[in-house]
Structure formats: structure tokens, C-alpha cells
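May I ask you to look at the structure on the screen while I speak?

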Amino acid sequence: MTVQSPAAPSPAAAVPVRGRRRLNFGLISAALFMFFVTWSLSWSLFSIWLTQDIGLTPGRSSLVIGANSLGCLVTMPVYGFLQDRLGLRKNLLYWIGALMLLVGPVYIYVYGPLLKAHFALGLVVGSAYLAMAFAVAVATLESYAERLSRFHGFEFGRARMFGSLGWAAATFLAGRLFNIDPDLTFWAASGTAVVFVGLLVAIRVTDGRRAAAVDHAAASVSLADVAALLRYPAFWGLLLFVVAVTATYNTYDAMFPSYFSSLFATDADGNRMYSDLNSVQVFLEAGGMALAPFLVNRLGPKKSLLVSGCVMATRIFLSGLVTDPVAISAVKLLHAVELPIMLIAIFKYVNRHFEPRLSSTIYLIGFQMATQVGAAVISPLAGLGYDRLGYAPTYLVMSALVATFTLVSVFTLRADAKGTHGLPAVGAAEGRSPAAG
């Protein structure tokens, strides 16, 4: 049963509703900004922290990244199902905010010492915390923001752009703080988390009847609905693209800072240069977030995903060929092209081919969880390649894998023209604003 949108509000009520829409757009944009500031401070130099501060080899560092992916596998189905059940309520986001406040103490007094003294235990503790606080939390926040954008009728990409700006601003600072003392970046992250929580508290959904309709549809989501996704070929086509293409690319990108830093005369020079370059890249990415919806709406979600796969394969391939710092810096900037197209296309693909009320579950399981499954398998293999062959030859192999499965996805991703035609309905559909993208 489809939940019908209520009648238009009276003129007297229209102004407060429009005002709340603008305010919520500003608040969710600011919340995305502060989340990414906090995440960037604690993660943008993660592989450098592992190799330079903790003293792990590239191979062992890849094991840490692989373990973090396994932690995400446990968390993602839970977070996705809960957020779909919560609808526009923020209970899960408050839990995430509380975990973010602890990032400084966890890194400094728990995670780092355990990796040095009790490596296996450090893998378990760190993977659980990072999954719940950041790696899965970002997908949950993005999913909430996308749901809110459909409710209010604004374009998700415009709000997500501020997340990229937050990452860029924090990364520029992170490299400098790290060179002074790595612990400073983690304390700064705890401080910015306080602002994030305050912004969450300020978000209100006041359009009572429409909000109640969304919450009613959300409450009907069941485990049977989630299990039914496994019967859809469209779901498996999405999984194949994500596991074989996106997961391989993310594995490459996670260790790229260490490779980039190694091309400079000193670690400090490499760290500072990477921090500055990453800031430039993410500022460009923010502009891409604003422009990507126009491209994705023109090409369609499927073609846009394939374009992002081609960009990923190109960046990995070029990373295996060039060693000059200037050339490798130019290659890094391709990420500013790939990420906006891929992220906007994923949400539009999900909303075109599946029921919107299951968007959080599909995004976290069909995209984020599948990415982590792939990374958990690929990261240890990539680590062996880094240790035995070196970065560049391993990148060439990874680029071939990404290019091959991008080609396969031409046939396995569902055609946009089909929409949900031919897919069995699952429960009640969530109402959406006709203005939503």
C-alpha cells in the first residue's frame, strides 16, 4: 500500500514549513560538515599513523584495514535495519554522536597501545569502535540526510557537498597537527564531535502528518522485507559492482597516503604535502557534489555508476605508472571526479530500483557492507602484494580487476528504464515529495 501525501498546508502554515525546510537543510549540511571534520581528523592520515607512529609494516597495516572492514560487516546490517525502522527519528544518530565524543581517548589510550602490545586484540577493539563511530556511521548519516532531502524536497548532493568541505578543511589541519604530535589530531576530533551532537539536537521535523506517514511506513519494515532483497537479481547486480569495483578501489585508496608519502625526501614533507593535496582534492570534490546530480540525472544512475568505475580504474592504473610527485598529485585529484558521481548515482539507483522505505538497508548492505566484504578479502591480498611486489605493480593488477568488472557490470546492473517494473512489491511504500531528486 502506498502512503499518500497529505493535502497542501494552508497559507498560514506554509511559511513555517518552508522555514523549517530551509533550517533543516542548513542544519543537516552543517552536521555533515562537522561529522566529516571529526572523521577526517581521526582517519585521513590513518595509514600514516599506523606505519610511522605505531610502527607497523605496510602488510600489517593492510591487515588492520581488513579487520576494520570485518567490523563493518557486523555493524552495517544492524545500523541499516534500525535506521529504516526509525524513519526520520534520530535515536541511532545520537548513539553515533556519543561514540564520536570518545575518539581522542580511544585512539590514544586504547587502540594505539593495543596495536603495539597486543596486536590481535587491537584489531578486534579498533574494528568494532571505528565501524560503529565512523565507517558505518557515515553511511547511516548520509542515508538519514538523503531521506530528509526526499521529505523536504531538496537535492541530497547539495547537503553532502558540505561533508566534503568539512573533510577538506580538517585534512589541511590534520597534517600540521600530526607533524607536531599525532595525539593532537585525535583530541581535536573529540572537540569537533561536540559541535556535531549539538547540530543533531537542533534538527526538527515539524510537518506532523507527513512525518507520521514516513514513520508509519518505517515501522512496517521487517526482517522478512530485508531477506526478500536476496531474491532480486537487481540487488545481486549492485552487489557485484560494489564488491569487485568499489571495494578494490577503496582498498587501494586506504593505503595510498603511505605510498604518496614515501615518494618524498622525508616523512614530514610527504605528510604535509599529502595533507595539502587532500584538502585541494576534497574542495574540488565538494564542487563535484553540487554538479554531480545534473550529470547523474542526465546520464541515468546505471551509466553514471559505470562512468565512476572507469574513473576508478584509470586512477589506480596511473598510480602504478607514475612516480613523480607532481604527476601522482594530479592522479590523486581524479578522486574528486569519481566520488561525487558514484555517491549520487548509488542513491538514485537505489531509489529507482527498490522501495525508498528500505533505502537505508539497501545503501548500508547493498553498497557499504558489500564494499567492506570486498575489502576484507582484498586488503590482505593487497598487503601481500605491497610487501612482495611493491606498490606500483600491485596497483596495475588492481586496475585490471576494476576495469574488468566495470565491463561486466554493463550487463549485470539493471537498466534504468525498467525501474521497479517486474520486481515484487515489499510492504508499504514510503511517501516522498514530488520535488525530491
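This is a predicted model: local features need pLDDT of at least 70, side-chain atom pairs count only at pLDDT 80 or more; totals for chains, interfaces and linings use all residues.

Asp276 takes part in a salt bridge with Arg176, and the closest N and O atoms of the two are 2.7 Å apart.

How many salt bridges does the structure hold? The number is 4, and I shall describe two further examples.

One of them joins Arg160 to Glu142, with the closest N and O atoms 2.8 Å apart. This pair, too, links distant parts of the chain, 18 residues apart: Arg160 lies in helix H8, residues 156-180, and Glu142 in helix H7, residues 137-152. Are these two residues buried or exposed? Both Arg160 and Glu142 are buried.

The other example is the salt bridge in which the side chains of Arg150 and Glu146 meet, at 3.0 Å from N to O. Arg150 and Glu146 are 4 residues apart in helix H7, so about one helical turn separates them. Arg150 counts as buried because its relative accessible area is 1%. Glu146, at 3% relative accessibility, is buried as well.

Let me now turn to the chain as a whole. It has 18 helices and 0 strands. Of its 437 residues, 59% count as buried. Among contacts in the chain with a separation of 6 or more, 87% are between residues 24 or more positions apart. The accessible surface comes to about 16500 Å², and carbon and sulfur atoms account for 70% of that area.

The largest nonpolar core comprises 123 residues, of which Phe35 and Trp49 touch the most other members. Helix H12, residues 233-262, provides the largest share of this core, with 13 residues. What does Trp49 touch, leaving aside residues up to four places away in sequence? Its partners are Ile54, Tyr107, Tyr111, Gly112, Leu115, Phe178, Pro182 and Phe186.

On the surface there is a nonpolar patch formed by Tyr109, Val110, Leu121, Val124, Val125 and Trp187, which together have about 550 Å² of accessible area. At least two residues of the patch come from each of helix H5, 103-117, and helix H6, 119-135. H6 supplies the largest share, with 3 residues. Trp187, by contrast, lies in helix H9, and it is partly exposed, with a relative accessible area of 39%.

Helix H9, residues 182-202, also contains Gly198. Gly198 counts as partly exposed because its relative accessibility is 40%. Gly198 and Ala31 stand 167 residues apart in sequence, while their C-alpha atoms are 8.7 Å apart in space.

I close with the cysteines. How many disulfides are counted here? The count comes to 0. Two of the cysteines may be named: Cys72 is buried, with a relative accessible area of 2%, whereas Cys310 is partly exposed, at 45%.

Note on methods: Residues are numbered from 1 along each chain as its sequence is written. Side-chain values use heavy atoms; hydrogens and water are left out. Buried means under 20% relative accessible area, exposed over 50%, partly exposed in between (1.4 Å probe, protein chains only). A disulfide is a pair of cysteine sulfur atoms within 2.5 Å. A nonpolar core is a set of buried Ala, Val, Leu, Ile, Met, Phe, Trp, Tyr and Cys residues joined through side-chain atoms within 4.5 Å. Contact means heavy atoms within 4.5 Å. Accessible areas come from the Shrake-Rupley method with a 1.4 Å probe; for residues, only the protein chains shown count as cover. Patches are made of residues with over 30% relative accessible area and no salt bridge: like charges are joined within 9 Å, nonpolar side chains (Val, Leu, Ile, Met, Phe, Trp, Tyr) within 5 Å.
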